[in-house]
Amino acid sequence: MTGAGAISIPVVAAATARPFEPRDIATLNDSIVRLAVIDGETPWHHHRDDELFLCWEGRFRIEIDGGKVDMRAGDLFVVRRGVEHKAAADERAVTILVEAPETKRFGDD
């Protein structure tokens with residue numbers, strides 16, 4: 001995270017090679033903004049707090065029990081607290097996450 005000046009999301013995205021290892025890029029009130037690469041899929045999990053996904057680059061899907069949400073650049077979706085979900089991409093995609101700082105990568109269990 002930087003202290004002053006603008007953060008270049010394309011630069012951070014280009015420097016983020018490993019999937020599913022979010023990089024903290026900013027804090028906002030009681031939330032943190034993270035950037036993550038999605039390539040493959042996460043395990044099913046849930047969180048104690050809401051989790052916002054903004055698709056920055058590429059395409060991915062958020063699977064939720066009983067359905068899925070297809071995401072493409074510019075799409076935003078909030079997974080509500082306690083909802084079982086997983087993120088999956090057939091090829092590299094980049095997402096911006098807004099969530100509580102203590103949110104664990106693959107859920108609270």
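Contact here means heavy atoms within 4.5 Å. The model is a predicted one, so local features need pLDDT of at least 70 and side-chain atom pairs count only at pLDDT 80 or more, while totals for chains, interfaces and linings use all residues. Residues are numbered from 1 along each chain as its sequence is written, and side-chain values use heavy atoms, with hydrogens and water left out.

Ile62 also turns up in the largest nonpolar core, which has 13 residues. A nonpolar core is a set of buried Ala, Val, Leu, Ile, Met, Phe, Trp, Tyr and Cys residues joined through side-chain atoms within 4.5 Å, and buried means under 20% relative accessible area, with exposed over 50% and partly exposed in between (1.4 Å probe, protein chains only). The members that touch the most others are Ile38, Phe53, Phe60, Ile62, Met71 and Ala89. Strands S2, S3, S4 and S7 each put at least two residues into this core, and S7 gives the largest share, with 4 residues. Apart from this core lies another, of 9 residues, including Ile9, Leu35, Val94 and Ile96. In soluble globular proteins, nonpolar side chains tend to be buried together.

Strands (E, at least two residues) and helices (H or I, at least four) are DSSP runs, numbered from the N terminus, and two strands pair if DSSP finds at least two bridges between them. S7 pairs with S2 (residues 31–41) through 9 bridges, running antiparallel. Along this pairing, Ala36 sits opposite Thr95, and Arg34 has Leu97 as its bridge partner. Strand S3 (residues 51–57) is also antiparallel to S7, with 5 bridges, and here Glu57 is partnered by Val94. Strand S4 (residues 59–64) joins S7 over 4 bridges, again in the antiparallel sense, with Ile64 opposite His85.

Back in S4, Arg61 is another residue of that strand. The Arg61 side chain makes a polar contact with the side chain of Glu63, at 2.9 Å. A polar contact is a pair of N or O atoms within 3.5 Å; within protein, one must be able to donate a hydrogen and the other to accept it, and residues adjacent in sequence count only if both atoms are side-chain atoms. Setting aside neighbours within four places in sequence, Arg61 is in contact with Lys68, Val69, Asp70, Lys86, Ala87, Ala88, Ala89 and Asp90. In a regular strand the side chains alternate between the two faces of the sheet.

Now for the backbone. Most residues other than glycine have a negative phi. Phe20, not a glycine, has a positive phi of about 60 degrees. Phe20 belongs to the loop between helix H1 (9–14) and strand S1 (23–28), and is buried, at 13% relative accessible area. Asn29, in the loop between S1 and S2, likewise has a positive phi, of about 50 degrees, without being a glycine. Asn29 counts as exposed, at 76% relative accessibility. The hairpin of S1 and S2 has 2 residues between its strands. These two strands run antiparallel and are joined by 5 bridges, with Thr27 opposite Ile32.
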